[in-house]
Amino acid sequence: MLGPVILAASRSDKMRRLVSAAPVTKQVVDRFIPGETVDAVVPIVQEAVASGLELTMDVVGEDITTPEQAAAARDAYLELIDRLKVLGHGTKAEMSVKLSMFGQALEGGHELALANVRPVVEAAAAIGTTVTLDAEDHTTLDSMFAIHEELRKDFPQTGCVIQSYLFRTEDDARRLAAAGSRVRLVKGAYKEPASVAYQEKADIDKAYVRVLRILMEGDGYPMVGSHDPRLVAIAQELAHRAGRKLDDYEFQMLYGIRSDEHHRLAAEGHRMRVYTAYGTDWYGYFMRRLAEKPANLLFFFRSMLTKG
């Protein structure tokens, strides 16, 4: 399987230099990351909202090694919120954050990440939108969930992400599927050991359906993060069985992947939110997108052969 190999490469400085230097890389990266600055993505936000879509915005970058870099990541989100305030789109454009960007892996990282993410959550609430805490590798999750719980005391709309490939996720889903909660379910995009995670696609998909059923039958607000047509159809059926209206849950898909499906679901009346990443430190995000789906990798290699 190529996925684990690509995920390992996402942590390799040598591969980072090689991929970044390839002439075709920018062309391919642009498919998944529409810009490096707030100015570059503002037109994307405006176009998406005008066409009936919603967004969750991610400032990419995870290799934080100093408190100063973590503070800069915080400030990048605050800049984004200032621009969204001017646009006035409310909850149609929210934020997704990785706590590793806010210093979670540094000494005293739990407290540092909480201190850095809180002003972002506060600023988002002040303009009528919210923040979702992205899930990263399994070693970070207890800290992420603790920060999520702390933030929800003052900002109950704060969301979080769970990953179906982890054995722990069904229990996490039962705990989180409470009134007022916002939970995004994804398959998972990190290289995890067999001791904590399913390794086969079929097992991950089955777990996804089990967890999704828990969320749909619970009292919270499920956010279905998948491009898989079969899982999208299952989500619709589970929502129907649970008596959910179209605005009682939403679909989320990545910018640049199955854009036609984004618009189809929105046209049917579903809430469809596009996960839109931007920024200069795109490498880790880009490599995980390649690892998630063979078609993404084929697209990259085909571009290298035809444009390199």
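**Close-up views of a predicted model**

View 1. Strand E1, residues 54-59, is mostly covered, with six of its six residues buried. The model shown here and in the other views is predicted. In a regular strand, side chains alternate between the two faces of the sheet. In E1 both faces are covered: Glu 54, Thr 56 and Asp 58 are buried on one side, and Leu 55, Met 57 and Val 59 are buried on the other. E1 pairs in the parallel sense with strand E8 (residues 271-278) over six bridges, and also in the parallel sense with strand E2 (residues 93-97) over three bridges. Met 57 stands opposite Thr 276 in E8 and opposite Met 95 in E2.

**View 2. Thr 132 and its surroundings.** Thr 132 belongs to strand E3. Its relative accessible area is 0%, so Thr 132 counts as buried. The side chains of Thr 132 and Glu 94 are joined by a polar contact of 3.3 Å. Beyond its neighbours within four places in sequence, Thr 132 is in contact with residues including Met 95, Ser 96, Val 97, Cys 160, Val 161, Arg 182 and Met 223.

**View 3. Helix H7 and its cover.** Helix H7 comprises the 14 residues 141-154 and reaches 21 Å from its first C-alpha to its last, close to the 20 Å expected at 1.5 Å a residue. An α-helix has 3.6 residues a turn, so residues three or four places apart point the same way. Buried in H7 are Leu 141, Ser 143, Met 144, Phe 145, Ile 147, His 148 and Leu 151. Their cover includes helix H6 (109-126), strand E3 (131-133), strand E4 (159-163) and helix H8 (169-176). Over the ring of Phe 145 sits the charged end of Arg 175, 4.8 Å from the ring centre.

**View 4. Aromatic pairs.** Three aromatic pairs occur in the structure. In one of them, the ring centres of Phe 167 and Tyr 198 are 4.8 Å apart and the planes stand at 80°, so the pair is edge-to-face. Phe 167 lies in the loop between E4 and H8, and Tyr 198 in the loop between strand E5 (182-186) and helix H9 (201-217), so the pair ties together parts that are 31 residues apart in sequence. Phe 167 is partly exposed, at 40% relative accessibility, and Tyr 198 is also partly exposed, at 23%. Tyr 249 and Phe 251 form another edge-to-face pair, 5.8 Å centre to centre with 75° between the planes. Both Tyr 249 and Phe 251 are buried.

Notes: Residues numbered from 1 in each chain as written. Predicted model: local features only at pLDDT ≥ 70, side-chain atom pairs only at ≥ 80, totals over all residues. Heavy atoms only, no water. Helix = DSSP H or I, 4+ residues; strand = E, 2+ residues; numbered from the N terminus. Expected span 1.5 Å × (residues − 1). Buried < 20%, exposed > 50% of the residue type's maximum accessible area, 1.4 Å probe, protein only. Contact = heavy atoms within 4.5 Å. Polar contact = N/O pair within 3.5 Å; in protein donor to acceptor, adjacent residues only side chain to side chain. Phe/Tyr/Trp six-rings, centres within 6.5 Å; stacked < 30°, edge-to-face > 60°. Lys NZ or Arg CZ within 6 Å of the ring centre and 35° of its normal. Pairing = 2+ DSSP bridges.
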